Amino acid sequence: MPDAVVVGAGPNGLVAANLLADAGWSVEVLEEQPDPGGAVRHDRGVDPAFVNDLFSSFYPLAAASPVLAGLRPEDHGLRWSHAPSVLAHPLTGGGCAVLDRDVGTTAASLEAFAAGDGAAWRRLHEVWESLRPDLLDALFTPFPPVRAGARLALRLRAAGGLRLARSLVLPVRRLGEEEFHGEGGRLLLAGNALHADLAPEAAGSGGFGWLMAMLGQTYGFPVPVGGAGALTHALVRRLRTRGGQVRCGQRVEHIVVRGGRAVGVRTAAGAAVPARRAVLADVSVPALYGELLDPGVLPAQLLDDLRRFQWDFATFKVDWALDGPVPWREEQASRAGTVHLADGMDELTRFAAQIAMREVPDRPFLLFGQMTTADAGRSPLGTESAWAYTHLPRSVRADAGEEGVTGRWDAADRERMADRVERQVERFAPGFRSLVRARRVLSPPALQALDRNLSDGAINGGTTAMHQQLVFRPLPGTGRPETPVPGLFLASAGAHPGGGVHGAPGANAARAALRRHRPPGLAQAQRLLAHRDRTGTRRRSAPPGGPAGKEDP
């Protein structure tokens, strides 16, 4: 019997399993799909000569994550690669905003849009550098991040206090208007905000766009050499060297609760897999509370709150094998790993408004990935492995375009939407379609079939909007990996701090499980040491289970 069963071999599940194994626990990871990785996988399914990432590709949060850094995946075969530039946002009428790991290059690209915008970018970057260590600590630790939060509060005060806090909760359209005269800087912020489901007019989208842009400024948008799955393979290899097991093709159907605590799982094949100490679930919030557990073991309030859980946008993705580099009108876009395609801020607002009205956007905002540009081994010399994805309403009421996309996502819908995506690319890169050797279309149901956590292609485990963050994530009053069922921990992107490949939800769940099973003597010693750290005093020893003595000077 393993000490812990981890449901799901996505990045969070694998991080959790590794940390438990590091603590000496025996761990078994059960994964429904034939391969581990969740949304961090690649294949050669478009063309045998081309490597295409199935889901995620660029990993600024992984590069910044102290969780992943602590696991040292590079010791287990992972290598990173970067495109010459991080991100580009070209416009059809000319001009291209560029995010580069060199802050001077980024500033110069924005200065070309309006005098003074380069200096404005440098000021935003200076704020980031002053906050970065404590902001990242607060982001990647369990909520509430008491120590990191206290340090961050002091830094916020020094960096502008309430005025800075106001800026970070602004809609990204307003933040861009306050900070920049030209469109370039505004687009870098707004395009990054729309990596999530945050419209330009959404509260807090300014802070999210700024965070993503500054992560790219500092860490780039790196990719694993050889394909996204190289990160997964490194985590699996590391786990196996510590005795952990990963079993694929094992769909967990039920979490077994006995005597008031989680004691194991049952698979769809009927196999019982017991867990001596804990079950960690790298699954979506609706799946955990609405499918895997009997309603009778959950509080009525939680079940009521679950009805109000909000997913993020649906996603539609196209993968390509291209016979040559993308023929961008703006040459600067050819050097970027990621290219944002929307012709200005108003087009971003129009796109988000159409989704809000449950319409399929007629000019979809695209996040376009040039994978051979970022990692030369992804395709033959002179070609490009590429992809683009866009967001859609989860429930389609109408098509804002003329092709009659219905939202049924049958073969006709898939081809019409893929053609629309390609026409959007052609606006910025005339001749693009003539380079397409092969393409693969991944509609919202297809993405979900490949990873059950991606409900209709939702990539963030739930909305990134402010009403479902911090103490509201995944449900009001939670915010931590512990669940109402003792011995069961939420380890997915549905938990704080949310989506992205950084491992924090898995790490938080693993540490919560370890705290729950810490030997009493060790727990007391750690509390005493923590007290001394805070006060500089020492305590007299107390008998086991008895009260501590008075403080001595």
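Trainee: Why is Q354 called buried?
Mentor: In this predicted model, Q354 has a relative accessibility of 7%, and since buried means under 20%, Q354 counts as buried. Its place is in helix α14, which covers residues 345-356.

Trainee: Which residues does Q354 touch, leaving aside those up to four places away in sequence?
Mentor: With those set aside, Q354 touches E359, P361, D362 and A400, where contact means heavy atoms within 4.5 Å.

Trainee: What makes L341 count as buried?
Mentor: The relative accessibility of L341 is 0%, and because the label requires a value under 20%, L341 counts as buried. L341 lies in strand β15, residues 336-341, and, not counting residues up to four places away in sequence, its contacts include P90, W328, F365 and F428.

Trainee: How far is the C-alpha atom of L341 from that of A230?
Mentor: Those two C-alpha atoms are separated by 28 Å, the residues being 111 apart along the chain.

Trainee: How do you know what span to expect for helix α18, and what do its end C-alpha atoms show?
Mentor: The expected span is 1.5 Å times one less than the number of residues, so the 13 residues of α18 (residues 504-516) should span 18 Å, and the end C-alpha atoms are 18 Å apart, which agrees.

Trainee: Which residues of α18 are buried, and what covers them?
Mentor: Among the buried residues are A504, P505, G506 and N508, while the elements covering the buried residues of α18 include α1 (11-22), α3 (66-71), β13 (278-281) and β21 (488-490).

Notes:
Residues are numbered from 1 along each chain as its sequence is written. This is a predicted model: local features need pLDDT of at least 70, side-chain atom pairs count only at pLDDT 80 or more; totals for chains, interfaces and linings use all residues. Side-chain values use heavy atoms; hydrogens and water are left out. Helices (H or I, at least four residues) and strands (E, at least two) are DSSP runs, numbered from the N terminus. Buried means under 20% relative accessible area, exposed over 50%, partly exposed in between (1.4 Å probe, protein chains only).
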